[in-house]
Amino acid sequence: MPFSEGCLESLRSLLRAHSEQLDCVRIQSNGLLVHLADALPSDLRRLEFEEFTLPSEAGDTAALRRTHGLKELKISTWSEDELLEQASIELEHFLRAPGPLERLELIRYFIPTLTLGAGGLTSLQCLVLEECNYDSLLEELAGLPRLRSLILCPPHPRPLHEVFREITPAVIPALEVVVVSERVTLNGLGHSSPGTAHTRVPRLISELQGLVRRAPAPLHAIYCYDTMFFRHPVSERVGCPLCREASVEAVAAMHEYMGGRKHIKLDGSVHCVKV
C-alpha cells in the first residue's frame with residue numbers, strides 16, 4: 001500500500017527521536033522498510049519483518065542491506081509458492097555479508113537456495129525455522145560453527161528423524177539446545193501429556209536421543225515442551241542452565257509459532273530422560 005510522505009517523515013522522526021531507547025522494531029507492512037531503514041538506530045538489537053517481499057515489488061531486500069549491527073532478525077515471506085525460491089535467493093545476499101547476527105528466525109523460506117552456511121553467519125548462535133523447505137541441514141549446520149540453539153517449528157517438510165539421523169558431531173561443535181515443536185492438541189491445551197511423545201513418535205524420539213549422545217557439547221533436546229533428553233542425571237535438572245534454556249525456548253516456540261497459546265506456562269511438567 002502507498003504511504004504518504006508526511007506519514008513516513010513522522011515515523012522517521014519518531015525512530016530518530018527514540019533511537020537510544022529502541023531495542024526492537026517490528027514492521028508489518030510490505031514496502032515500509034525501504035522508507036525507514038536509514039532512520040533505524042545503528043545499534044538496533046532486533047528487527048522483526050513480517051511481510052518481506054521481492055525487490056521488484058517493494059525494495060525490501062535492498063533496504064535490509066542498509067541495516068547494520070543487528071543481533072536478532074525475524075523475517076517471514078508471504079510470496080506465492082512459485083516465488084519462494086526467488087525470495088530466498090534475494091535474502092541470501094544480505095545473509096552472506098559478515099555481520100554480528102546472533103539469532104535468525106526464518107518463516108516460509110526455501111533453505112536449499114538460501115544456503116545459510118555460506119559464510120556470513122559465523123556469529124549466529126540461534127536458528128529458528130518455521131514452515132521452511134529443506135531436505136537436509138548438514139550444509140547449513142556445517143557453516144554455523146557457533147550455533148548453540150536449533151529450533152524447528154511445523155510444518156516439517158521432511159520426517160525429522162531422517163534429518164537428525166544425518167547430523168554428525170563434526171557439524172554441531174557448539175550445539176547445546178534443540179527444540180522440536182509440533183502442532184499437537186489435547187483437550188484444547190495445545191500440548192500433550194508428559195511422556196506421551198515416546199509412543200507417538202518413536203523414531204523421532206530415538207534419533208533425538210542419538211543426537212544427544214553423540215553431540216560434542218552437552219546437548220539438551222526437548223520435544224513440544226513434553227519430553228527433554230540430556231546426558232546428566234535427572235536429579236541435576238534443577239539448577240541446570242541448559243535445562244532452563246531449552247524449556248524457555250520450547251514454551252516460546254509454542255506461544256509464538258503455534259497460535260499464541262499464552263496460557264502454556266513454564267511449570268516444570270516436562271518429562272526428563274537421561275540418555
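Start with E249 and R103, whose side chains meet in a salt bridge at 3.0 Å from N to O. In this predicted model, the pair ties together distant parts of the chain: E249 sits in helix 10 (residues 241-257) and R103 in strand 4 (residues 103-107), 146 residues apart. Both ends are tucked away, with E249 buried and R103 buried too.

That contact doesn't stand alone. E249 and R103 belong to a network of salt bridges that also takes in D23, R26, R45, R46, E48, E72 and E105.

Now hop over to helix 1 (residues 5-17), where E9 and R12 are three residues apart and so separated by about one helical turn. These two form a salt bridge as well, and their closest N and O atoms are 3.2 Å apart. The cut-off for buried is under 20%.

E166 and R158 give you another pair to look at, with a salt bridge of 2.7 Å from N to O. E166 has 28% relative accessibility, so it counts as partly exposed. R158 comes in at 19%, which means it counts as buried, given that the line is drawn at under 20%.

How many salt bridges does the model hold in total? The count comes to 16, and the E249–R103, E9–R12 and E166–R158 pairs are among them.

How values were computed: Residues are numbered from 1 along each chain as its sequence is written. This is a predicted model: local features need pLDDT of at least 70, side-chain atom pairs count only at pLDDT 80 or more; totals for chains, interfaces and linings use all residues. Side-chain values use heavy atoms; hydrogens and water are left out. A salt bridge is a side-chain nitrogen of Lys or Arg within 4 Å of a carboxyl oxygen of Asp or Glu. Helices (H or I, at least four residues) and strands (E, at least two) are DSSP runs, numbered from the N terminus. Buried means under 20% relative accessible area, exposed over 50%, partly exposed in between (1.4 Å probe, protein chains only).
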